[in-house]
Amino acid sequence: MPILSVLLFIPFVAVIALLFIPDQQRTAIRVFSSLIGTFLLIFSVLAFSSYDHVAGGYQMVERYAWLPSLGITFHLAIDGISAPMVLLTGIVIFCGVLVSLKLTNRTKDFFLLLFVLVGGVYGVFMSLDLFFFFFFYEVAVLPMYLLISVWGSSSDFGTFLRTKEYGAMKLMLMLVAGSVPVWIALIATFVYGGMTSFDLLDLQARVFSREFQIIFYPMYMIGFGVLAGLWPFHTWSPDGHVAAPTAVSMLHAGVLMKLGAFGIIRVGMPLFPEGAQVWMPLLLVLATVNVLYGAVSAMGPSDLKSVIGYSSVSHMGYVLMGFATLSAVGVSGAVLQMFSHGIMTALFFSMVGSVYDQAHTREIAAFSGLAKRAGVLAAFFAVAGFASLGLPGLSGFIAEFLIFVGLFQQYPVFGVLAVFGAAITAVYILRLVARVFFGPLEERWAELRNPNPTETLAMVVLVFMLVCVGVYPQLLMAAINSGVAPLMTTVLRAG
C-alpha cells in the first residue's frame, strides 16, 4: 500500500466529501470529521512504525513524473527526521478534531479548512521535490486567515483591543513575507543547479559554489525562520495564538511552526552546507534571544493564551539553537524538541480552550482555585507545565538535555544562557499553575467543570505521549538519529 500518498490525500478527499454534506447535518459532519481524524492518526502511526531506523535513509518512496520538462516530480518519502513529524501531525489533528466537535458556528466550513491545512502539513513533511514542498507549504498557511478571522476571538491587551481580524491579517502578512525569500532562493537553486530538476536529492548531489551558498542560505534560514517564530520576526505568533480558535492554536503551535524549522533542516542545511556553517552563528544569537525574550515576555501577559504563545516562541528558540550547534547530539535534541513542543503546546491550548468555553474569559487574574472544581484539568495542566520546564520523566527533559549538551560542546556561553532560559520558564509556569488552579476558589467558578469526554480523550492522548517519550525516548530517538547522522555528515564534510 502506498502509505504516504494515502495519508496525504485523505484530508483532501475529506474536503471534497464534506462539500456534499448539507450544512444543517451537523451530527453527520462531526461524525465524518471524527472518522477522518482517526484515519489520519492510524495512518500516521502506520507510517512511523513502518520506518526502519536500522536501514535509515529515505523510505516508502513514491515518485511520479508531473512536469518532466521542468524536472518537477511528485516525490514522496520519509526519513528519520520527517517520520516523527508525520506522527506528530496525526496526533495533533486527531486531538484537534476531538476538541472541535462542540463547535456550532459554520461547522462544515471549519472542518473543511482544517483538513486543507493539515493536508498541506503532510505534504511538506513528505515531499522531496522542492516545487511541491513549497506548494504544500503555502497550502498549509493560507487557511489560517479564515480559520482565525471567522472562528477566532478578540482580546483586550491593556489599553487597546486586538481583534481576531488583526491577528489573522498580521499572521498572514508576516508568513507571506517570509515565503518571498524562500521562493527566490528556490528559483535561484533550480537555475544554478542546471534547470533540470526540482528534486531535493538531485540538487543535493550538485556542488554549489561557496559564494552562492553564502548569498542564498540566509534566504532559506530567515524565510523559513519566520514561520518557526525566529526573533525578531516572531511577533505574528503570540497574536495569532490569542486570536485563533482552540484546534487552530493546537495546529498552529503544534505543527505549523515546525514547518519553518523543518524547512531549515530539510532544504537549507543539506543543499547549502557551507552556507550553513557561515550563517549558523547568527542563527545561534537570534535563537538565544528567542529563548530569553520569549521566556521573559511570558511572565507579563494577563491572557492565558498569550502566556502560552510567548512560551511557544521561547521553546522554538531551543529548536533553532540545537540546529545552530551543527552537532549530531544538538540537532537530534532539536528534532525531538520539535515533537515534544508540538505535543506540549497542543495540550496547553486544548486546556485553555476548555476553560475559556466555560468561563468566557482568559484573564489570569480572574481565576483562582480551579483545581477544586476541575481536578483533571489541573492535573493535565501541571503535566504540560512540567514538560515545558523540563521535568525528568517527561519528553521536554530529554529534548532540552540533548540541546544543552550540544551547546556546551560547541558554545558553552550560549549553553549557560539556554539553561538560564529554562530557569525563567520554571518561574512563570509554576506561578501560572499556582495562580489559576490553587488558592481560594472564586465563587463565580463554582460551576466550572472538567473537560467533556471528547476533550478529555484528546488530553489523555497528549499526556500519554509526553510521558511515553519522556520515559522511553528511544521510541523516537532511534529514528531521529538515523536521519540526523547523514545530514551531519553532509554538513561537516563541506567544512
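Modeller: Helices (H or I, at least four residues) and strands (E, at least two) are DSSP runs, numbered from the N terminus. The model is predicted: local features need pLDDT of at least 70 and side-chain atom pairs 80 or more, while totals for chains, interfaces and linings use all residues. Residues are numbered from 1 along each chain as its sequence is written, and side-chain values use heavy atoms, without hydrogens and water.

Colleague: In which sense do strand 1 and strand 2 pair?

Modeller: Pairing requires at least two DSSP bridges. Strand 1 (residues 59-67) runs antiparallel to strand 2 over six bridges, with Gln59 opposite Ile78. Four residues separate the two strands of this hairpin, and Gly71 in the turn has a positive phi of about 70°.

Colleague: Is strand 2 buried or exposed?

Modeller: Buried means under 20% relative accessible area (1.4 Å probe, protein chains only). In strand 2 (residues 72-78), seven of seven residues are buried. Ile72, Phe74, Leu76 and Ile78 point one way, Thr73, His75 and Ala77 the other, and all are buried.

Colleague: How many cavities of 30 Å³ or more are there?

Modeller: A cavity is a set of points on a 1 Å grid over the protein atoms alone where a 1.4 Å probe fits but cannot get out; lining residues have an atom within 4 Å of a point. The whole structure has two of 30 Å³ or more.

Colleague: Which residues line the second largest cavity?

Modeller: Leu304, Met351, Val352, Val355, Phe381, Val436 and Phe437. Helix 14 (328-359) and helix 17 (412-437) each give two or more residues; helix 14 gives the most, three.

Conventions:
Buried < 20%, exposed > 50% of the residue type's maximum accessible area, 1.4 Å probe, protein only. 1 Å grid on protein atoms, 1.4 Å probe; cavity = no way out; pocket = protein on both sides within 12 Å on 5 of 7 lines; lining within 4 Å. Points joined across faces, edges and corners; volume = space filled by probe spheres on them.
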